Amino acid sequence: MTAAPTYVDELHAVARHLGRRRFLTGTAAAAALAFAVNLPAAGTAAAAELDARRITDNPFTLGVASGDPLPGSVLLWTRLAPRPYEASGGLPASRVAVGWELAHDERFTKVVRRGTATAHPEYAHTVHVEVEGLAPGRVYFYRFRAGAWTSPVGRTRTAPAPGALPAAVRLAAVSCQAYPDGYFTAHRHLAQEDLDVVFHLGDYIYEYPVDSTAGDRAYKVGTLPAVFNHETTTLEDYRLRYALYKSDADLMAAHAAHPFVVTWDDHETEDNYADDVPQNGVPREEFLIRRAAAYRAYWENQPLRRPQRPTGPDMKLYRRLSFGRLAQFDVLDTRQYRSDQAYGDGWQVPGPESEDPRRTLTGATQERWLIDGWRASHARWNVLPQQVMFAERRSLPTAAYKLSMDAWDGYPASRQRVLAGAAAAGVENLLVLTGDVHVSFALDIKADFRDPSSRTVGTEIVTTSVSSGRNGADRPANHATLMQANPHMRFYNGRRGYAKVTLGRDSARADFRTVSAVTTPGAPVTTAASFVTEAGRPGLHPA
């Protein structure tokens, strides 16, 4: 007897009969994507409410977070999951009322805002609270309550007032935290830093299987359940993977200590995907269903505001944040709108395909948004938090060099349009923050990378990974080769860690913070190198 088709089978069948535009806009597409985008219903159709007093186990196992600070507002996040390694999180498909408080002090003797939010089962019982009416440039403390349970206390900070010129903005950049590659020791140290904001530049989770020993973490056999030991493809898979990562105590500590501004790279969905082109060769329509699931889980599990909530396989993640007149942050998405990688991806000899002027890494709309934002900017520093290497990175110091087709090197016309836009807008202090490559780089951005003597037009600070790539080394095997091949490269280190950047009125300083090991917990943190660039005079110098 032939089995009846499942709901997911039917979704795939519908998707295969829809073109790209119809898939995104048609009513049939909306039905096809219901499993990934179903919204909480209202009135009599709403899920029943669970009395939070009936929750018998701690529901705050995944901690708390805050994000996207504005001068008068912060976003607070948590997720109720008494049993986080179960698909349901250990809760029934019911609404739960969650109380929240924001205070001037850690003991909550001076509460300034409080309220109640609803944790909907359709959103995996996550809570996103946008708190308004706050004072600019101020530290606040927050917590949540559900029944008899109280969450850990988080610390957050609003952005400076629009006209303010603070003496400094202190930030950190992190990326690439493969759970089975090692411990999140860098996050534990990050939690102890004195910072205004943290930028996570992508690869927050990885889609690859995680076995019961968690790979190089070397847990006791059977520690992790089998639900993690396959690649993530469904909404349930992605939700569970976030639960695994967010259950890490070091990551929870970093989120509780600082507001985060997050953007994704590829592994939050699938390695090296480009727009609607998957890596694994499945039909594009089928991949978009996977992308919808990945994007939905990303929004659910990150401290993101309502404008970032996805619709099916689309999510507007690029956005702008200002810290007074000192810094403007234009957060990019270099995955969702890009042309497919040239020459089949990987490291290739550049040529007509990669140099095609029609190719784009950002998409035309995001590119215009970026350049228009620069034209209107009055900030001392224009900072570009984004995912992949911006400056040229040649593999060899010979004419036979290759370039990464996944980075801006694979889209040189797109890079040149961005640099031309910065120049036309009068941007004097361009600072690019990058992740992805699992090493630390400090680079001068040149007007013409073919001419080392050409004008320096900006600075790129590349943060290493939190854990991806395992322990690494201070001087990777190709250290001398890359430094010789790229004279604009001022620093290269292969240890794990993060980058700390202090933006001042007259200069910016980058400290590359590294740990000696991640395959064993508790390694100390050191500063591998520090560099300074002066306002109005681009170019890195040792501090």
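Residues are numbered from 1 along each chain as its sequence is written. As the model is predicted, local features need pLDDT of at least 70, side-chain atom pairs count only at pLDDT 80 or more, and totals for chains, interfaces and linings use all residues.

An open sheet of seven strands has the order 13-14-16-18-20-19-21, with mixed pairing. Strands (E, at least two residues) and helices (H or I, at least four) are DSSP runs numbered from the N terminus, and two strands pair if DSSP finds at least two bridges between them. Strand 13 (319-323) and strand 21 (489-493) each have a single partner strand, so one side of each lacks a neighbour in the sheet. Within the sheet, strand 18 (residues 430-434) and strand 20 (residues 456-462) run parallel and are joined by four bridges; T434 stands opposite V462 in strand 20. Helix 9 (residues 364-376) packs on this sheet, touching strand 13, strand 14 (327-331), strand 16 (381-385) and strand 18, where contact means heavy atoms within 4.5 Å.

Two residues other than glycine have a positive phi. H125 has a phi of about 55° and lies in the loop between strand 5 (111-119) and strand 6 (126-131); at 3% relative accessibility, H125 counts as buried. For C176, phi is near 60°. C176 sits in the loop between strand 10 (168-174) and helix 5 (185-190), and is buried, with a relative accessible area of 0%.

Note on methods
Heavy atoms only, no water. Buried < 20%, exposed > 50% of the residue type's maximum accessible area, 1.4 Å probe, protein only. Axes fitted to C-alpha atoms, helices over the stretch in contact; angles between N-to-C directions.
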